Amino acid sequence: MSIWKKKFTVEQLNQKFKALPTMMNHLDMDCIEVTPHSLTLQMPITDKVRQSNALLHGGASAALAETT
């Protein structure tokens, strides 16, 4: 049994989310896999998501987890 009410492809999800002014867009997140039981996103580690000491910012990690 699927957790989704509708079937989506990765392309459909990315197209839908790229059209909205969201954190997903700002941090360049992309959907890379959708299955009947999961959704997987990725986010590039760039200066947008690094702390001043070059480590990944915890807020960016939280944004990725919350968006997923």
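Colleague: What should I keep in mind before starting?

Modeller: In this predicted model, local features need pLDDT of at least 70 and side-chain atom pairs count only at pLDDT 80 or more, while totals for chains, interfaces and linings use all residues. Residues are numbered from 1 along each chain as its sequence is written, and side-chain values use heavy atoms, with hydrogens and water left out.

Colleague: Which pattern does the chain follow along the sequence?

Modeller: Helices (H or I, at least four residues) and strands (E, at least two) are DSSP runs, numbered from the N terminus. Here there are three helices and two strands, in the order α-α-β-β-α.

Colleague: How many bridges join β1 to β2?

Modeller: Strands pair if DSSP finds at least two bridges between them. In this chain, β1 (residues 30-35) and β2 (residues 38-42) run antiparallel and are joined by five bridges. They form a hairpin with two residues between them, and T35 faces S38 of β2.

Colleague: And the side chains of a strand?

Modeller: In a regular strand they alternate between the two faces of the sheet.

Colleague: What share of the residues is buried?

Modeller: Buried means under 20% relative accessible area, with a 1.4 Å probe and protein chains only. Of the 68 residues in the chain, 18% are buried.

Colleague: How do I read the contacts?

Modeller: A contact means heavy atoms within 4.5 Å. Taking contacts between residues at least 6 apart in sequence, 29% join residues at least 24 apart.

Colleague: What box do the C-alpha atoms fill?

Modeller: Along the principal axes, the box is roughly 45 × 25 × 15 Å.

Terms used: Buried < 20%, exposed > 50% of the residue type's maximum accessible area, 1.4 Å probe, protein only.
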